[in-house]
Amino acid sequence: MLRFLRRTALLVLAVPGLAIAQAPVAAAAAADTGTVLPIKPERQLRFTTDEGTWMSLDVSPDGRTIIFDMLGDLYALPIGGGKATRLTSGMAWDGMPRWAPDGRTIAFVSDRDGSDNLWVVNADGTGARRLTKEVDNALSSPVWTPDGQYLIARRFGPYPSAENYLTNVPLWIFHKDGGTGAELYPARANAKTTNTGATLSPDGRFVYFGSHAGGYGGENLGAYQVIVLDRNNGQERTITAGAGGGLRPTASPDGRW
């Protein structure tokens with residue numbers, strides 16, 4: 001709701017590149033999406049900034065470029081610093097970008113078709129296309145499998161619901177070419193399990209994520225523990241047990257940590 005109010009109140013935020021000045025929008029970034037929100041902008045606010053909060057970012061496979069979101073648009077920035085280049089723009093809220101393993105495309109979440117779906121865009125900001133067609137559910141926190149064939153994301157909904165949106169958030173897996181996807185975890189009916197975003201081992205066999213079962217009990221982070229799921233045999237085990245819980249794991253590139 002806060003996101004919607006911000007967008008309708010300000011209508012358009014044209015955010016300049018990080019550090020010095022506004023970078024040009026990548027050619028045809030908005031024209032090739034196929035679907036646009038019906039909300040029409042009435043005015044623009046332009047400003048220069050070198051900082052931001054509540055941002056998601058990812059580093060390209062070659063280690064040279066950072067992709068990040070700011071105020072609903074995606075930007076690319078050399079890892080050594082400098083000027084940011086805006087890759088997406090418009091009334092849609094784009095966020096949570098993740099580089100594909102080959103570095104050629106970027107997956108992200110966008111509401112440009114009315115729901116929070118998975119989209120993919122070329123690294124230069126062109127060729128945006130929708131992967132999923134959720135209407136009543138919403139997707140978040142995407143992550144690529146190391147082979148670049150699938151995306152794993154959190155899926156919650158449908159709306160409206162009498163339950164809190166954090167009560168039941170399973171992990172789903174989707175093919176890079178689209179489709180309806182399949183529930184990855186907990187993959188069993190009526191299991192009210194809430195999961196954080198996932199990360200995978202370098203070979204793609206193991207999926208790590210924070211999870212807790214049962215109904216929503218408020219912001220009790222200690223209820224979450226890190227679970228590892230073996231994609232080969234479906235077996236799972238909990239690998240943390242601390243009183244403070246375990247959230248948002250990230251696997252090391254060598255797979256040892």
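Okay, housekeeping. Because it's a predicted model, local features need pLDDT of at least 70 and side-chain atom pairs count only at pLDDT 80 or more, while totals for chains, interfaces and linings use all residues. Residues are numbered from 1 along each chain as its sequence is written, and side-chain values use heavy atoms, with hydrogens and water left out.

So, the overview. Buried here means under 20% relative accessible area, exposed over 50%, and partly exposed in between, with a 1.4 Å probe and protein chains only. As for contacts, meaning heavy atoms within 4.5 Å: among those between residues at least 6 apart in sequence, 45% join residues at least 24 apart.

Let me go to the sheets. Strands pair if DSSP finds at least two bridges between them.

E11 and E12 (residues 150–156) share five antiparallel bridges, and Ser-140 sits opposite Arg-154 of E12.

Now to E9, residues 117–122. How many of the six residues of strand E9 are buried? Five are, so the strand is largely enclosed by the rest of the structure. E9 runs antiparallel to E8 (residues 105–110), with six bridges joining them; Ser-110 has Asn-117 of E9 as its bridge partner. The E8–E9 hairpin has six residues between the strands, and Gly-114 there takes a positive phi near 105°. E9 also pairs with E10 (residues 129–130), antiparallel, over two bridges. That hairpin has six residues between its strands as well, with Gly-125 at a positive phi near 95°.

Trp-119 is worth a look: Arg-130 in E10 stands opposite it, and Arg-112 lies over its ring face, 5.1 Å from the ring centre. To count as over a ring, NZ of Lys or CZ of Arg must be within 6 Å of the ring centre and within 35 degrees of the ring normal.

On to Thr-132, in the loop between E10 and E11 (138–144). Buried or exposed, this Thr-132? Buried, with a relative accessible area of 1%. Its side chain reaches the backbone nitrogen of Leu-118 at 2.9 Å. That's a polar contact: N or O atoms within 3.5 Å, where within protein one must be able to donate a hydrogen and the other to accept it, and residues adjacent in sequence count only if both atoms are side-chain atoms. Beyond neighbours within four places in sequence, Thr-132 touches Asn-117, Leu-118, Leu-139 and Phe-174.

Phe-174 takes us to the aromatics. The structure has three aromatic pairs. Rings of Phe, Tyr and Trp (its six-membered ring) pair if their centres lie within 6.5 Å; planes under 30 degrees apart are stacked, over 60 edge-to-face, and the rest tilted. One of the pairs is Trp-172 with Phe-174, stacked, at 6.2 Å centre to centre and 25° between the planes. Trp-172 is buried at 14%, and Phe-174 is buried too, at 2%. Arg-155 lies over the face of Trp-172, 4.0 Å from the ring centre.

Then there's Tyr-185 with Phe-209. Why is this pair tilted? The ring centres are 4.8 Å apart and the planes sit at 55°, so it counts as tilted. This one links distant parts of the chain: Tyr-185 is in E14 (residues 178–185) and Phe-209 in E17 (residues 206–213), 24 residues apart. Tyr-185 is buried at 4% relative accessibility, and Phe-209 is buried at 0%.

Notes. Helices (H or I, at least four residues) and strands (E, at least two) are DSSP runs, numbered from the N terminus.
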